[in-house]
Amino acid sequence: MSLHLDVFTLVPSAFAWLTERRPLSAVLGTGLDLRLLNYRDFTPLKGGQVDDEPYGGGAGMVLRVDVAAAALDTVYGGIPDHRVVALTPQGRQLDQAVVEELAAEERLTLLSARFEGFDERIVRHLASDAISIGRYVLSGGELPAMVIVDAVARLLPGALGDEESGRIESFSAELDGGLEYPQYTRPAEFRGWQVPEVLMSGDHARIDEWRRAESRARSAA
Ligand SMILES: C[S@@+](CC[C@H](N)C(=O)[O-])C[C@H]1O[C@@H](n2cnc3c(N)ncnc32)[C@H](O)[C@@H]1O
């Protein structure tokens, strides 16, 4: 079963590097069916217009509700019955639980904006959810969309190679939702900074115990 994920954006080209690399490249066409859709391709307005000045005055341009509605109508024949997420700093804060929730959907649509953001009627009437990736303001919804696409793709079967562990990671059930333990690699000593002896002991029970203790300590801090 694939996740059908559509991203509406004014900058589809921004996603190029993401789709060329894991985890996206590993699941595209199998576990993930990703479409990058440009509002400009659906606008009923002349000259590819998608935004307009804010009522009441003020700086910046606002993504028009008629343009977003036309895009959804053309692609889905109306407001879809699956989740349509508006990406906005004013939305529900993204965390791993929300990512897992999104990854469990069969179909998902992400709406991004630029400049001053969405006409509020897009968020209220066309979207089902509003999600923020953090309490700061970015210039557009492309990076938030990529954050969600990447985090969701990691959870899809076949996304991660043998060298990547998706099961034991920060916020995973394996670590009781806590933070991952510290990781080290060669050299064992660098500028006097030593790798903890236990990790080189070969004693897997002790290593596991140490890692779980470190994870608990970090998570409680
Ligand atoms: C410059 S922001 C608009 C900010 C908006 N005027 C406000 O003050 O809330 C332009 C667009 O970038 C995206 N964006 C910016 N920061 C975001 C965040 N933290 N989470 C999700 N989307 C964000 C949204 O799509 C937003 O509409």
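**A guided look at the chain and its ligand**

The chain has seven helices and 10 strands, where helices (H or I, at least four residues) and strands (E, at least two) are DSSP runs numbered from the N terminus. This is a predicted model, in which local features need pLDDT of at least 70 and side-chain atom pairs count only at pLDDT 80 or more, while totals for chains, interfaces and linings use all residues. Residues are numbered from 1 along each chain as its sequence is written, and side-chain values use heavy atoms, with hydrogens and water left out.

Trainee: What percentage of the 221 residues in the chain is buried?

Mentor: Buried means under 20% relative accessible area, exposed means over 50%, and partly exposed lies in between, using a 1.4 Å probe and protein chains only. By that rule, the buried part of the 221 residues in the chain comes to 41%.

Trainee: Is Leu102 buried or exposed?

Mentor: Leu102 lies in helix H4, which covers residues 96–103. Leaving aside neighbours within four places in sequence, Leu102 is in contact (heavy atoms within 4.5 Å) with Leu3, Arg83, Val85, Leu108, Ile131, Ile148 and Val152. Because its relative accessibility is 0%, Leu102 counts as buried.

Trainee: Which residue forms a salt bridge with Glu105?

Mentor: In general, side chains of opposite charge can pair when their charged atoms come close. A salt bridge here is a side-chain nitrogen of Lys or Arg within 4 Å of a carboxyl oxygen of Asp or Glu, and the bridge made by Glu105 has an N to O distance of 3.2 Å. The pair links distant parts of the chain, 22 residues apart, with Glu105 in the loop between H4 and strand E6 (107–111) and its partner in strand E5 (residues 83–93). At 14% relative accessibility the partner counts as buried, and that partner is Arg83.

Trainee: Which residues are closest to the ligand?

Mentor: A residue is near a molecule if one of its heavy atoms lies within 4 Å of it. In this model 20 residues surround the ligand, and the closest are Leu87, Gln90, Glu116, Tyr136 and Leu138.

Trainee: How much of the ligand does the protein bury?

Mentor: A nitrogen atom of the ligand is 3.0 Å from a polar backbone atom of Ile133, and a backbone N or O atom of Gly134 also lies 3.0 Å from a nitrogen atom of the ligand. An oxygen atom of the ligand is 3.4 Å from a polar backbone atom of Gly141. Taken alone the ligand exposes 580 Å², and the share of that area buried by the protein is 85%.

Trainee: Where is Leu138 found?

Mentor: At 36% relative accessibility, Leu138 counts as partly exposed, and Leu138 is also one of the residues closest to the ligand. Its place in the chain is the loop between strand E8 (129–132) and helix H6 (142–154).

Notes: Polar contact = N/O pair within 3.5 Å; in protein donor to acceptor, adjacent residues only side chain to side chain. Areas by Shrake-Rupley, 256 points an atom, 1.4 Å probe, with all protein chains shown as cover.
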